[in-house]
Amino acid sequence: MTQNPQDIPHMDEYEFENLTIDQHGPLAVLTLNRPRALNALNSETFSEMSEALDLIVDNAEIGALIITGAGEKAFVAGADISELNGLDGVYAGREVALAGQDVMSQISNLPIPVIAAINGFALGGGFELALACDIRVASPRARLGLPEVTLGVIPGFGGTQRLPRLIGAGRALDLLLTARQISAEEALQMGVVNYLADEPLAKAREVAENIVKNGPIALSLVKEAVRRGLDTTLDAGCEIEADLFGMAVATADFQEGTGAFLAKRKPEFKGE
């Protein structure tokens, strides 16, 4: 059943312990809010993130999501090491990894664009969180890395899979095996981040505002085409693209977009 927009609670009305959600028109900002722990990810934070992401998906008013961290020191400094230190055995480790991966997959599979505003350290799980987003904006002061091997473990929240797909196996293995931190400038040159900005949250909002002017169904289908295409051959990926192109052509948004172009006016997309 379609909800009446007037019946949908504003994102600001929800309360969490370790994060906040703010809504600015069609934009939502999810802020990891554990500044004393440099916004480190623990099981409670993952649980709250999953709940928050479900709320965002259910809110038809939201066209894009920005994820950032509270304070200037860290986006997310990593997983909560004190919590990880208590793990005992293969099963416990696997379950923690799967739980974190589930949240990262929730982010990457969202039908709306997701932008990471990286305001400081993005290490370990924090880097993996940024990699799960579609676009990354970083402060020039940001530092990124996957230091897990220095702790005798490997990235468990998708880092060994998403980073090679983004920058290639050779560059990814350099970062994974050396555990070195890279500057925001090097991350930009590698293609890890898309933009550098002194105020990454403001830049992320600017990027998001430009995105949500476009057809929402088309945006969702673009994400789906890229995501599904990465896991198959070029020919199979082009088949996926053709199928999704056909779906887009059958929408009212397509008629509105092409009609507005021919009439030399701005389109008014309704997501239909």
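**Strands, sheets and a helix pair**

Reply: Strand S5 (residues 114-118) and strand S7 (residues 135-138) run parallel and are joined by 4 bridges. The model is predicted, with local features needing pLDDT of at least 70 and side-chain atom pairs counting only at pLDDT 80 or more, while totals for chains, interfaces and linings use all residues. Residues are numbered from 1 along each chain as its sequence is written, and side-chain values use heavy atoms, with hydrogens and water left out.

Me: How do you know that S5 and S7 count as paired?

Reply: Two strands pair if DSSP finds at least two bridges between them, and S5 and S7 have 4 bridges, so they pair. Within this pairing, Ala 117 stands opposite Val 137 in S7. On its other pairing, S7 is joined to S10 by 2 bridges, again in parallel, and there Ala 138 stands opposite Leu 196 in S10.

Me: What makes S1 and S10 edge strands?

Reply: The open sheet has 6 strands in the order S1-S2-S3-S5-S7-S10, with mixed pairing. Strand S1 (19-24) and strand S10 (195-196) each have a single partner strand, so one side of each is left without a neighbour in the sheet.

Me: Which residues of S7 point one way, and which the other way?

Reply: Ile 135 and Val 137 point one way, whereas Arg 136 and Ala 138 point the other way, and all are buried, a term that means under 20% relative accessible area, with over 50% called exposed and the range in between partly exposed (1.4 Å probe, protein chains only).

Me: Why is H9 called roughly antiparallel to H10?

Reply: The axes of helix H9 (residues 216-229) and helix H10 (residues 234-249) come within 9 Å and cross at roughly 165°. Angles over 145 degrees count as roughly antiparallel, under 35 as roughly parallel, 65 to 115 as roughly perpendicular and the rest as oblique, so H9 is roughly antiparallel to H10. The contact (heavy atoms within 4.5 Å) involves residues including Leu 221 and Ala 225 of H9 and Ile 240 and Leu 244 of H10.

Me: How do you know that S6 and S8 belong in an open sheet?

Reply: An open sheet of 4 strands has the order S4-S6-S8-S9, with mixed pairing, and strand S6 (residues 121-123) pairs with strand S8 (residues 143-145) in the parallel sense over 3 bridges. Phe 121 stands opposite Arg 143 in S8.

How values were computed
Axes fitted to C-alpha atoms, helices over the stretch in contact; angles between N-to-C directions.
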